Amino acid sequence: MNKNYILVVFEGLLTEKIIFNNLKKYFLNENSNTIVYGFHCGEIYSLYNKLEKDEDLELFALLKEKLKDTNKELENIKRNQVSELYLFFDYDGHARSANDEKLKYMLQLFNDETSDYGKLYISYPMVEAIKHLKDNVDFKNTIEESKKIYKSIVAQNCNNNLQHLDKLTFDDWSFIINENSKKANFIVNNAFTFPTKIIEQLEIFDNQKTKYLDVANKVSVLSAFPIFLLDYYGVDKFKLTNRKKKIES
């Protein structure tokens, strides 16, 4: 029997890997499939440009070629062995090739982890959004421009226990998931409450654009990773009443 894999592709080489390694201490342990990392080391828009040039280009083949230098394990993995494909990228509105229409197209195309294109998750404005939480600051109103200095802004505006992403505890993750889930609901449904159903990435983007980008050239800060977990397990797994123990299968 062929071994099955979950392929997780990151934009960056360092921070995303730290986050996901820590995440796996508390989640995804019930899945028998092997999780394999890939590092694209480029913005989502560069991936779009490659696909646009060749409509017949298979995403897995493209990724395999692109990722071969950062993970040799992928060399021996075939497409039919990948049961789920997830991609984590930044909004990166400050990038030279940034284009909202391109991103919307990607979110429409990359909307199913079991499909050839997988499922795309976007952090607004970038991956460091995961720790942009501070006591006595209403996360509902945390918005920022997409600029390189965002990393410095986050470092000065987050709780001390969130500074080191390799040391996040289960309680830290519960807090991060809860706040970001409520924030996603607020962005889409104007209610800063825990959602009652899954909120899709395209819904988030459309509302980011109409409520924040088009109005103030800013985004409402939101991390992709807690929204991924909300999708993966379903909203009932993360209601406050169920948070006293680790996620079980």
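Here Ala, Val, Leu, Ile, Met, Phe, Trp, Tyr, Cys and Pro count as nonpolar, Asp, Glu, Lys and Arg as charged, and the others, Gly among them, as polar. This is a predicted model, where local features need pLDDT of at least 70, side-chain atom pairs count only at pLDDT 80 or more, and totals for chains, interfaces and linings use all residues. Residues are numbered from 1 along each chain as its sequence is written, and side-chain values use heavy atoms, with hydrogens and water left out.

**View A. A nonpolar lining surrounds the second largest cavity.** On a 1 Å grid over the protein atoms alone, a cavity is a set of points where a 1.4 Å probe fits but cannot get out, and lining residues have an atom within 4 Å of a point. Grid points are joined across faces, edges and corners, and a volume is the space filled by probe spheres set on the points. Two or more of its lining residues come from each of β1 (5-10) and α8 (224-233); helices (H or I, at least four residues) and strands (E, at least two) are DSSP runs, numbered from the N terminus. The lining divides into eight nonpolar, no polar and no charged residues.

View B. The five strands run in the order β2-β1-β3-β5-β4, with mixed pairing; two strands pair if DSSP finds at least two bridges between them. Six bridges join β1 and β2 in the parallel sense, and Ile 6 has Ile 35 of β2 as its bridge partner.

**View C. Helices α6 and α8 pack together.** Their angle is about 85°, with the axes of α6 (residues 170-189) and α8 9 Å apart. Axes are lines fitted to C-alpha atoms, for helices over the stretch in contact, and angles run from 0 to 180 degrees between N-to-C directions. The two helices are therefore roughly perpendicular to each other, a term for angles of 65 to 115 degrees. Contact means heavy atoms within 4.5 Å; among the residues that make it are Trp 173 and Asn 180 of α6 and Phe 225 and Leu 229 of α8. The contact residues divide into nine nonpolar, two polar and no charged.

**View D. Charged residues join the lining of the largest pocket.** A pocket is an open set of grid points with protein on both sides within 12 Å along at least five of seven lines. About 300 Å³ of space lies in this one. Of its 16 lining residues, Glu 11, Asp 90, Asp 92, Met 126 and Lys 151 lie nearest the centre.

Key. Parallel < 35°, antiparallel > 145°, perpendicular 65-115°, else oblique.
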